[in-house]
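Please read it with the model open.

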Amino acid sequence: MFWKFDLHTTSHIDTLLEKEDVTLTEVMDEDDVLQECKAQNHKLVDFLLRPQCMEDLVTFITQEPSTDVEEKVKYKYPNISCELLTSDVSQINDRLGEDEKLLMKLYGFLQNEPPLNPLLASFFSKVLSILIGRKPEQIVDFLRKREDFVDLMIKHIGTSAIMDLLLRMLTCIEPQQLRQDVLNWLNEEKVIQRLVDMVQPSQDEDRHSNASQSLCEIIRLSRDQMFQVQGCSEPDPLLATLEKQETVEQLLSNIFDKEKNESAIVSVIQILLTLFETRRPAFEGHMECPPGMSHPSFSVNHSILEAVRPRLKDFHQLLLEPPKKNVMKTTWGVLDPPVGNTRLNVVRLVASLLQSNTHSINTELINLNTLEVILDMYFKYIWNNFLHIQVEICTAMILAMPPAPTDVQPDTEQEHARESILIKHLFQKCQFIQRIIDAWSSNEKEQAEGGRRRGYMGHLTRIANSIVHNCDKGPNGPQIQQLISELPAEDREKWEAFISGQLADTNKRNTVDLAFSDYQMQQMTSNFIEQFGFNDEEFADQDDVVDIPFDRISDINFSLNTNESANIALFEARCKEKIQQFEDAGSDEEDIWDEKDVTFAPEAQRRPSSGSTDSEESTDSEEEDGKRDPFEVSNPSTDDRMEVDTGWWPVWTANFDDIPMDTGTSTAPASSPNNPVAPSPLSSSTSSTEAPPETAWNLTCFSPFSTPSDCDGWLGTGLACPSSTSPKDCGRSKAEEETTSCEQRSITETVINGSMKETVSLTVDAKTETAVFKRFAKHIHTKTHYIAVLHD
């Protein structure tokens, strides 16, 4: 809400307009002139509505800029003028649409000689289009009074902006009756015939393309309009003229009776393909006409087919002798001649003609042997998939379409089966089956020699599958089965072996690939948004992000069935101890919480100042096991030494009573004189210089557990490994294990860390199943360490 803080800046236009001698260019130089105009700034609008200003605005968009102007600002004022005139301000629209002088100045742009400036033409088309939409009656009346309007539009049809203006006149006029009047007027002016005349070899490619596109759009727009307005009693005159037989004949005459021109031929074929479109729904998703809807515009007009049929031989000749094309060198070879746009569009036309399923057209194609020529092109140009897909469409329609009504020969016998003459021609004359088998074998041989798989093999697989499918379930199944049975025995055996062997293997392989693709799609569509790309948490507020890890704790599911009473009492006793808070980060004193290497030494190897560990045995254990327990300490360092001290200190007495505990893991053997418990030493210290009172500590959680095989480096060799099954497991001899299982062991550890010296003594009696802890700290400020023992 910037207005709340009064951040709106005042426009300089108001100040500028207060000047008496201000000019239009000065106003147009302001950066916010368009914004102020669309906001209908009263001072600005009144200024623009001045007669001289309106005339200058129209002049900017209809006259070429001076050549003396710098190129980068040459079209600045024409562009701004166009935007001002098309800002959809009602006062400007009224002034421009009702002032005939301004309209004549605007209309004068069409009277220039071609070619028109494409940028100025776009400005002109945009201004006149918005006038047609806002002031249709005035503009249509003005244009109808200009006798040369249609001539000028056709004259400049090579400019795309003029073609757009012509189509705007068919779509932007809202009143239905007025639109019908415009259609009748354009039809009387023979706009269709004039556009048809533009599509001939003597014209340039721009005229061919724009005239063809205009005619195609007129067909589609007219059919869509008739579909939308079903109550319209008057037919579209422009569409009716286009569908006349003489109009189509004129189109075909323009390309065949004169020199061959690829641009003209392709443009005419595009118009024919649009005429052959059987339906053109006004909105997506509507696949069929409504019930009872049987308008001639939604089916192929018979007059169009009759006009095309005599020219089929000319289209067939184009397949054999297309317009001259230069040799094309590609990465895999030389194309001489290449397929070309002409032959590709002829094949598309043949596919559309087959879709009409007309007996006369089918018969003519058979007589010309057009299908065999198309198949020859399919197998010759092995890398042109544009051609392959059109040939596949042709064969699929022939196999799936029911016979044309007149294909059934009159016969008195009721048992006479309906047969398709196209299928018969395809299997017998074109040797469809044999060519598929030969092409497949040739491809396999080439691949076996190290060559590439041919580009049409995917389409060939689908064509072969189409034959198999229609043979079993299609309307022409009996006929296809009969034609296959009439093949020579050798070819029939090859076909049967092919569909049961190579084709089946290919389908199986494709099915697996498609199944995996389906699986990938399923994986992607289930929660693809949540797993792909950036996590939404990265763009969320920090307060929300912090809560997310804690919300996931609820997903953890575990259960422990233990006696919690002793643990709770122990926990409360420990919490009552005063624990020093963490020191500030800026303190110079060494942090006692840093990880240090700790060495455990057996009593037999005590030294006055330092201890040693069974490093050799620990090393052997590491080499044998390849990994260490996560709670096992690393090798000793020179700074941290362990001392054995037998002095008397206040102690805690731990009672190791057998208490059942189910932690969801494997159960370890219970303690016994021969299998003593090896608890973990607990390093702790008090927060006072006074020694703590003697405290009884029932360590229920330290019940017997299974110790990993590399435990020998943890408590040293002074303690027995309760779960060891061999001398190698605990890194000591069997004799030592038996000795230590019967004796009381005492281990004293002294940790020197900075200014603090802490001593912890652990005494384990295997016979009485008791453990005694003694501790002492010399520093006045101490902290308590907790060591957790995990049960594997």
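Predicted model: local features only at pLDDT ≥ 70, side-chain atom pairs only at ≥ 80, totals over all residues.

1. Phe 379 counts as buried, because its relative accessibility is 17% and the cut-off for buried is under 20%. Tyr 378 is buried too, with a relative accessible area of 1%.

2. Aromatic pairs come next. A pair of aromatic rings is described by the distance of the centres and the angle of the planes. The count for this model is 12 aromatic pairs. One of them joins Tyr 378 and Phe 379: the ring centres are 5.0 Å apart and the planes stand at 85°, so this pair is edge-to-face. The cut-off behind that label is over 60 degrees.

3. Which residues do ring pairs link into a cluster? They are Tyr 107, Phe 142, Phe 149 and Trp 185. Phe 142 also has a charge over its ring. The charged end of Arg 146 sits there, 4.5 Å from the ring centre.

4. Now the overall picture. The protein has 792 residues, and 43% of them are buried. It contains 35 helices and 7 strands. Take the contacts between residues at least 6 apart in sequence: 74% of these join residues at least 24 apart.

5. Next, a helix pair. Two packed helices are described by the angle between their axes and the distance between the axes. Helix α27 covers residues 457-472, and helix α29 covers residues 489-500. Their axes come within 12 Å and cross at roughly 105°. That makes α27 roughly perpendicular to α29, because angles of 65 to 115 degrees fall in that class.

6. What meets what between α27 and α29? From α27 come Ala 464, Ile 467 and Val 468. From α29 come Trp 495, Phe 498 and Ile 499. The residues of this contact divide into 6 nonpolar, no polar and no charged.

7. Glu 392 deserves a look. Its place is in helix α24. Is Glu 392 buried or exposed? It counts as buried, because its relative accessibility is 9%. Leaving out residues up to four places away in sequence, Glu 392 touches His 459, Arg 462 and Ile 463.

8. Ser 420 sits in the loop between α24 (385-400) and α25 (421-429). Ser 420 and Asn 476 are 56 residues apart in sequence. In space they are 7.6 Å apart, C-alpha to C-alpha.

9. Helix α7 spans residues 90-98 and holds Asn 93. Asn 93 counts as buried, at 4% relative accessibility. Not counting residues up to four places away in sequence, Asn 93 touches Leu 85, Asp 88, Leu 131, Arg 134 and Lys 135.

10. Asp 94 is found in helix α7 as well. Asp 94 counts as partly exposed, because its relative accessibility is 27%. Asp 94 and Lys 135 are 41 residues apart in sequence, yet 7.9 Å apart in space, C-alpha to C-alpha. Lys 135 is also one of the residues that Asn 93 touches.

Terms used. Residues numbered from 1 in each chain as written. Heavy atoms only, no water. Axes fitted to C-alpha atoms, helices over the stretch in contact; angles between N-to-C directions. Helix = DSSP H or I, 4+ residues; strand = E, 2+ residues; numbered from the N terminus. Parallel < 35°, antiparallel > 145°, perpendicular 65-115°, else oblique. Contact = heavy atoms within 4.5 Å. Nonpolar A, V, L, I, M, F, W, Y, C, P; charged D, E, K, R; others polar. Buried < 20%, exposed > 50% of the residue type's maximum accessible area, 1.4 Å probe, protein only. Phe/Tyr/Trp six-rings, centres within 6.5 Å; stacked < 30°, edge-to-face > 60°. Lys NZ or Arg CZ within 6 Å of the ring centre and 35° of its normal.
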